[in-house]
Amino acid sequence: MVVYNAMETVVNRMFEEFQKTFEMSCDCQICREDVLAIALNKIPPRYTSSEKGLLFVKGEYISPQLQSDIMRELLAAATVVAQNRHHV
């Protein structure tokens with residue numbers, strides 16, 4: 001396993017839930033990736049190099065407060081993307 005930001009996995013999973021409750025004005029791949037990139041830039045990274053580390057990070061994000069923080073960042077990012085799309 002290589003070193004990677006475990007928050008990418010957590011935020012991707014939360015983004016799937018986010019999309020069920022928040023209807024984005026554009027649901028194309030470009031806009032989804034922009035939302036994820038903006039949100040991930042606002043959330044502190046959690047790097048790990050093992051499966052055990054990944055499970056530890058995921059376990060921390062069972063907390064309703066931390067999930068709420070991620071959802072807030074996803075909503076803010078979706079708002080920015082909706083106002084500044086990179087395509088027609």
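Biologist: Are α2 and α4 parallel, perpendicular or oblique to each other?

Modeller: α2 and α4 are oblique to each other. Angles under 35 degrees count as roughly parallel, over 145 as roughly antiparallel, 65 to 115 as roughly perpendicular, and the rest as oblique. This is a predicted model, where local features need pLDDT of at least 70, side-chain atom pairs count only at pLDDT 80 or more, and totals for chains, interfaces and linings use all residues. Residues are numbered from 1 along each chain as its sequence is written, and side-chain values use heavy atoms, leaving out hydrogens and water.

Biologist: How do I read a helix pair, and what angle do α2 and α4 make?

Modeller: Two packed helices are described by the angle between their axes and the distance between the axes. Helix α2 (residues 29-42) packs on helix α4 (residues 64-83) at about 130°, with axes 8 Å apart. Helices here are DSSP runs (H or I, at least four residues), numbered from the N terminus. Axes are lines fitted to C-alpha atoms over the stretch in contact, and angles run from 0 to 180 degrees between N-to-C directions.

Biologist: Which residues of α2 and α4 meet?

Modeller: From α2 come Cys31, Asp34, Val35, Ile38, Ala39 and Lys42; from α4 come Glu73, Leu74, Ala77, Ala78, Val80 and Val81. Contact means heavy atoms within 4.5 Å.

Biologist: Cys31 is in that list. How many disulfides does the structure hold?

Modeller: A disulfide is a covalent bond between the sulfur atoms of two cysteines. The test is a pair of cysteine sulfur atoms within 2.5 Å. This structure holds zero. The sulfur of Cys31 has its closest cysteine sulfur in Cys28, 3.7 Å away, too far for a bond. For Cys26 the closest is also in Cys28, at 3.5 Å, again too far for a bond.

Biologist: Is Cys31 buried or exposed?

Modeller: Buried means under 20% relative accessible area, exposed over 50%, partly exposed in between (1.4 Å probe, protein chains only). Cys31 is buried, at 1% relative accessibility. Cys26 is buried at 14%.

Biologist: Where is Leu54, and what does Leu54 touch?

Modeller: Leu54 lies in helix α3 (residues 51-60). At 6% relative accessibility, Leu54 is buried. Not counting residues up to four places away in sequence, Leu54 touches Tyr4, Ala6, Thr9 and Thr48. Thr9 is 45 residues from Leu54 along the chain, yet their C-alpha atoms are 8.8 Å apart.

Biologist: At what angle do α1 and α3 cross?

Modeller: Helix α1 (residues 7-21) and α3 cross at roughly 45°, and their axes come within 9 Å. That makes α1 oblique to α3. Met7, Thr9, Val10 and Arg13 of α1 make the contact with Leu54, Val57 and Lys58 of α3.

Definitions and conventions. Helices (H or I, at least four residues) and strands (E, at least two) are DSSP runs, numbered from the N terminus.
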